[in-house]
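These notes are meant for someone opening the model for the first time. Please keep the structure in view while reading them.

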Amino acid sequence: MTLLIPTSAPMPLPVRARPAPARRGRPLRASCAYALHEGQSQRFHRLPCGLDLEVITQHPPAPGGGEQPPLVFVHGSFHAAWCWAEHWLPFFSRAGFPCYALSLRAQGESSIPSEKVAGTLETHAGDVADFIWKEIPLPPVLIGHSFGGLIVQQYISSLQGSELLHPRLAGVVLVCSVPPSGNSGLVWRYLLTKPVAAVKVTLSLAAKGYANSLSLCKETFFSPELDDGLVERYQRLMKDSSKLPLFDLRKLNASLPVASVPNNTVDILVMGASNDFIVDAEGLSETARFYNVEPVSVKGIAHDMMLDCSWDKGAGIILSWLEKLTPR
């Protein structure tokens, strides 16, 4: 049984015009219409392969006293840069952190490669590294959600002795991340202990049932208290976000676990959600054990922590952790 684990409001502003079709010979971009918030901007980062990655940026409203590390956000399956732009980019930029949210290949409004999947763990991590190397002036904190968390884990496993390819980081935050061994353990635990939930997760993710069932989308990603109107809005954005699967899951699982790293490579916060329908408590614990840190489980919140009704809980924990970071 193969299961696709994904990652990922104020009233939206009028929807921006869609970009013009790509010129002949240029890779096509995915379309995902959503409104930027005040203070946010969109641009595209050109990769060495010629593909463009969408970037949503939000800087602090005024220069602060000390220079804070930039934050670079990496989404999971069925999401894109917009999932961070809703709440967390405004929150962290107000706290003085320059924020950059990426849309991975074939997600959001990024270019669509010619292959059947968007990329591999290595290519996605390499794309993030290329963006940081060329456009981020200081070592950033890398924040990954769900499968985006696994991409971040691949990034830090490549840090040793390869700073020219993978620039060093100020820190890492793994949010409801797929564990280092992948999603296989999650799938088997659900099959053995929660067969009904296993069926629902399979229908929602592997069969993309979340896209056509509001109740299934809500149960998979959000808390019951989240307003149905917001869930419907996020559901539409998720449907439009992903033009190709992030990975070939069979090949991905065969390549895991990610390589371990020395304890002093980078400071890591491993954070999960107590009501996560996708990444269970054992998955959270596995990730924390792998990096020799204590996990933080945020109570009363679901998998899409950055979009859920209590999105500020996780953001506040991350902010407290950021304020204690020691420069290396």
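The points below take up the sheet, the helices on it, a pair of helices and one cysteine.

1. This is a predicted model, in which local features need pLDDT of at least 70 and side-chain atom pairs count only at pLDDT 80 or more, while totals for chains, interfaces and linings use all residues. Residues are numbered from 1 along each chain as its sequence is written, and side-chain values use heavy atoms, with hydrogens and water left out.

2. Eight strands form an open sheet with mixed pairing, in the order S1-S2-S4-S3-S5-S6-S7-S8. Strands and helices are DSSP runs numbered from the N terminus (strands: E, at least two residues; helices: H or I, at least four). Two strands pair if DSSP finds at least two bridges between them. Strand S1 (40-46) and strand S8 (296-298) are at the edges with a single partner strand each, so one side of each has no neighbour in the sheet. From one strand to the next the twist averages 20°.

3. Within the sheet, S3 (residues 71-74) and S4 (residues 99-102) run parallel and are joined by four bridges. Opposite Phe73 stands Ala101 in S4. Helix H3 packs on the sheet and touches S1, S2, S3, S4 and S5, its direction making about 110° with that of S1. Helix H10 (residues 281-290) also packs on the sheet, touching S6, S7 and S8, at about 175° to the direction of S7. Contact here means heavy atoms within 4.5 Å. Axes are lines fitted to C-alpha atoms, for helices over the stretch in contact, and angles run from 0 to 180 degrees between N-to-C directions.

4. H3 (residues 121-135) packs against H4 (residues 147-157) at about 75°, the axes being 9 Å apart. That makes H3 roughly perpendicular to H4, a label for angles of 65 to 115 degrees. Residues of H3 in this contact include Leu121, Val128 and Ile132, which face a set in H4 that includes Leu150 and Tyr155.

5. Where is Cys99 found? Cys99 is in strand S4, and is buried with a relative accessible area of 0%. Among the residues touched by Cys99 are Ile56, Leu71, Phe73 and Phe92, leaving aside residues up to four places away in sequence. Gln40 is 59 residues from Cys99 along the chain, and their C-alpha atoms are separated by 9.5 Å.

Conventions:
Angles under 35 degrees count as roughly parallel, over 145 as roughly antiparallel, 65 to 115 as roughly perpendicular and the rest as oblique. Buried means under 20% relative accessible area, exposed over 50%, partly exposed in between (1.4 Å probe, protein chains only).
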